[in-house]
Amino acid sequence: MGKPTGFLEYERKENLAERPADRVQHYQEFYLPLSEGERREQAARCSDCGVPFCQAGVELGGGTVGCPLHNLIPEWNDFLYRGNYQQALHRLLKTNNFPEFTSRVCPAPCEDACTGHLSGTPVTNHENERAIIEYAFEHGYMEPHPPAVRTGKRVAVVGSGPAGLAAAEQLNRRGHQVTVLEKEDRVGGLLMYGIPNMKLDKEVIARRRRRMEEEGVLFQTGVCVGTDLSALQLEQEYDAVVLACGAPVPRDLPVEGREGKGIHFALPYLTASTRALLDGTSLPSQWNAKGKRVLVIGGGDTANDCLATAVRQGARSVTQFLRRQPAPEQRAADNPWPEPPRIRRDGYGQVECQAVYGKDPRSYETRVKSFVLDGKGAVKAAVGIKLERVTDPETGKTVARDIPGSEFEVKCELVLIAAGYTGAEPALLAAFGLTADTHGNAAVRCPASHRTGREKIFVAGDMRRGPSLVVWAIREGRETAREVDTFLMGYSAL
């Protein structure tokens, strides 16, 4: 513990952000780091408490308490406070392969679980983590370290999201020759095309790819396994195959008018927007929100990213439908610490909409009842209906039902469905002869395993556990790598 009185002496201080009205004019990251002295003071607020829930990584109260990677947070906060960046980096990388990703896109369950919540405000673990890894890159601490000895074993990793990259890096460290196969034109999976550039600068991903290549990992982009390369070929050419292809099947809205032009799933919209930005090309009109009234359906991070992207494209207006109730400003009595706090959180996209359009875009407890199409089959409006929570007399559970007569109409020319995902791609499962579990994820031999019914085939990330956080994906990749290594070598030091 670096400074026993740190949490008493220093108030929580977060990175400053550009004014919403200014940052919506560009697609660059918009948080400005604190000075080194201020950042070390924030690290000093970590009290190295006897029960560090920040690194617990357990499921409680309907969510994750603490970091699923079991990051050694009190240790690297201590080293950061002392200015020992090399040791802080060493402790950080011991559990987390990609702090530069998690410190940008993770919702920081470690901070929600910080004991600082009991008497005040949590430690800025999220921003401290970013300060350590960026300092390391800037000062040459992130030198490549290729394995000294190769095992002669070859492993294919299908998918280059956080789970695939984590598995690849771990297996390469062990000395196996790893090839990562990615169907898109750039490495990163949802990190690349599912998250906008202002939230995660794509050069950060490219930087990590370069380092992994210097350590010996091979990357092949534009390769669609199951089409360009068969599952049988992979099994014949490699000693093991890791499938880390995510859970890309979107949840649809089976309502009247759904077939209308201008109604899209969120991920293709975000992908097209980011690709046009990176390629320096014009965005096709079907994906461009400029001058259009936009309706975003859903309440998660993807929906928030759609809001922020539409604002930057020059949308005429933006509205968001959420089925859930508005959360309270403070924890309710039935939501005690260290459960994840069920409180109001304003995402960056929602804040930007309020600044640009002068009102909160959210319409809570609302679902789409139908879409209204014009004479050419294009969407021109959505009919929403308000919901109420009632108790089902048969199950005793609280369910949502329509409130009769509460229908209202929202004009829109672009609708983005961000209602979540339902599981792994069925065609890919079929290509490898795999089955899906009851949640649509790839079935494995047992809940704690990443091995499938096919001897050489392993699965990791969202493809196994369903849509989740980037920290869970990295943990999945690390666990899968250990299981693959044991399969190949009879034991594992990972």
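Start by selecting Glu134 and Arg207 in this predicted model: they form a salt bridge, with the closest N and O atoms 3.0 Å apart. Glu134 belongs to helix H8 (residues 125–138) and Arg207 to helix H11 (residues 202–214), so the pair links parts of the chain 73 residues apart. Glu134 counts as partly exposed at 21% relative accessibility, while Arg207 counts as buried at 18%.

Stay on helix H11 and select Arg208, together with Glu169 in helix H9 (residues 162–174); the pair ties together parts that are 39 residues apart in sequence.

The structure holds 44 salt bridges.

Another one joins the side chains of Asp112 and Arg345, at 3.1 Å from N to O. Asp112 sits in helix H7 (residues 109–112), and Arg345 in the loop between strand E12 (317–321) and helix H15 (348–357), 233 residues away. Asp112 is buried, at 15% relative accessible area; Arg345 is partly exposed, at 45%.

Last, select helices H4 (residues 73–82) and H5 (residues 85–93), whose axes come within 8 Å and cross at roughly 165°. That angle makes H4 roughly antiparallel to H5. Glu75, Trp76, Phe79 and Leu80 of H4 make the contact with Tyr85, Gln87, Ala88, Arg91 and Leu92 of H5. Of these residues, six are nonpolar, one is polar and two are charged. The crossing is left-handed.

Terms used
Residues numbered from 1 in each chain as written. Predicted model: local features only at pLDDT ≥ 70, side-chain atom pairs only at ≥ 80, totals over all residues. Heavy atoms only, no water. Axes fitted to C-alpha atoms, helices over the stretch in contact; angles between N-to-C directions. Helix = DSSP H or I, 4+ residues; strand = E, 2+ residues; numbered from the N terminus. Parallel < 35°, antiparallel > 145°, perpendicular 65-115°, else oblique. Left-handed = near helix turned anticlockwise from the far one by under 90°. Contact = heavy atoms within 4.5 Å. Nonpolar A, V, L, I, M, F, W, Y, C, P; charged D, E, K, R; others polar. Salt bridge = Lys/Arg side-chain N within 4 Å of Asp/Glu carboxyl O. Buried < 20%, exposed > 50% of the residue type's maximum accessible area, 1.4 Å probe, protein only.
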